[in-house]
Amino acid sequence: MAARRLKIAILISGRGSNLQALIDQFGPAAPTSPIEIVLVLSNRPDAFGLTRAARAGIATKIVDHKAFADRASFDAAMDKEIRAVGAELVVLAGFLRLLTDGFIAGWPDRLVNIHPALLPAFKGLHTHARALEAGVRFHGCTVHFVRPEMDTGPIIAQAVVPVRPEDDENSLGLRVLAAEHRLFPQALRLIAEGKVTVEGERAIVRDAAFAGGLLFNPLGA
């Protein structure tokens, strides 16, 4: 008997580079993975991520936000499509629309986002430029469960990227994106394997290896 797989729906708005990382790990070419991608949904008809999904043989849907009078009706239309395919977890992979409190409440601890910063630092936009301006020595990315307040919620996993003296927004952003492509599948796999539970506003990860030792940047003489 085949092991049960967690059914996920992925929401995108653009090129879908994180989506591709998830397809590589959990798409139809990986039938023994603990996750099945049952839908890729975009609010933009021209999102290249839809092409990525179609090429992989994954069902796609367009729910154009411009066709709706308000956010609530748009979110309701998305919710209907997601539930119609039996999704159990909703994954935001470069989805550039703020979700209503009602939508978020309908997916308690079943709505996951990736953010290009080490939350709770640098919520919102332009995270790489702000990290450079602040002079931090470490930057990175965070996978977390979604709450109504933007870029909050229990943190599942993070990846750390050292900031180099020669970095600009683009070079730092590219290294963070590469980290996202590794972190996101790892975090979703932990969820699918039943290793993540939420206690209060903390995500507790069990039966997983954790980083040890210290990191220094700069390393010194």
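Ala, Val, Leu, Ile, Met, Phe, Trp, Tyr, Cys and Pro are counted here as nonpolar, Asp, Glu, Lys and Arg as charged, and the others, Gly among them, as polar. On this basis, the lining of the largest pocket in the structure, which is a predicted model, divides into 16 nonpolar, 15 polar and seven charged residues. The space in this largest pocket amounts to about 1200 Å³, and 38 residues line it, those nearest its centre being G94, F95, L96, I114 and P116. At least two residues of the lining are supplied by each of α1, β5, α5 and α6, and the largest share, seven residues, is that of α6.

For the second largest pocket, the computed volume is about 740 Å³. Its lining is made up of 24 residues, among which A157, Q158, L183, Q186 and A211 are the closest to the centre of the pocket. Two or more residues of this lining are given by each of β7 (155–162), α6 and β9 (202–205), and β7 gives the most, with seven residues. By the classes set out above, the lining of the second largest pocket comprises 18 nonpolar, four polar and two charged residues.

Helix α1 is largely enclosed by the rest of the structure, because seven of its ten residues are buried. These buried residues of α1 are S17, N18, L19, A21, L22, I23 and F26, and they pack against the strands β1 (6–12), β2, β4 (89–92) and β5 as well as against the helices α2 (48–55) and α6.

In helix α5, which spans residues 127–134, the residues T127, H128 and A131 are buried. They lie on the same side of α5, because the arc that they cover around the axis is only 100°. The packing partners of the buried residues of α5 are β5 (111–115), β6 (138–145) and α6 (169–192); just after this helix, G135 adopts a positive phi of about 75°.

Two residues of the loop between α1 and β2 were also considered. One of them, S33, is located in this loop, which runs between α1 (17–26) and β2 (35–42), and counts as buried because its relative accessibility is 8%, a value to be read against the cut-off of under 20% for buried residues. The side chain of S33 reaches the backbone oxygen of I35 at a distance of 2.7 Å. When neighbours within four places in sequence are left aside, S33 is in contact with R5, Q25 and F26, and F26 is itself among the buried residues of α1.

The other residue, P28, is likewise found in the loop between α1 and β2, but its relative accessibility of 47% means that P28 counts as partly exposed. With residues up to four places away in sequence not counted, P28 touches A56, G57 and I58. Between P28 and E149, which are 121 residues apart in sequence, the separation in space is 34 Å from C-alpha to C-alpha.

Technical notes:
Residues numbered from 1 in each chain as written. Predicted model: local features only at pLDDT ≥ 70, side-chain atom pairs only at ≥ 80, totals over all residues. Heavy atoms only, no water. Buried < 20%, exposed > 50% of the residue type's maximum accessible area, 1.4 Å probe, protein only. Helix = DSSP H or I, 4+ residues; strand = E, 2+ residues; numbered from the N terminus. Arc of directions from axis to C-beta. Contact = heavy atoms within 4.5 Å. Polar contact = N/O pair within 3.5 Å; in protein donor to acceptor, adjacent residues only side chain to side chain. 1 Å grid on protein atoms, 1.4 Å probe; cavity = no way out; pocket = protein on both sides within 12 Å on 5 of 7 lines; lining within 4 Å. Points joined across faces, edges and corners; volume = space filled by probe spheres on them.
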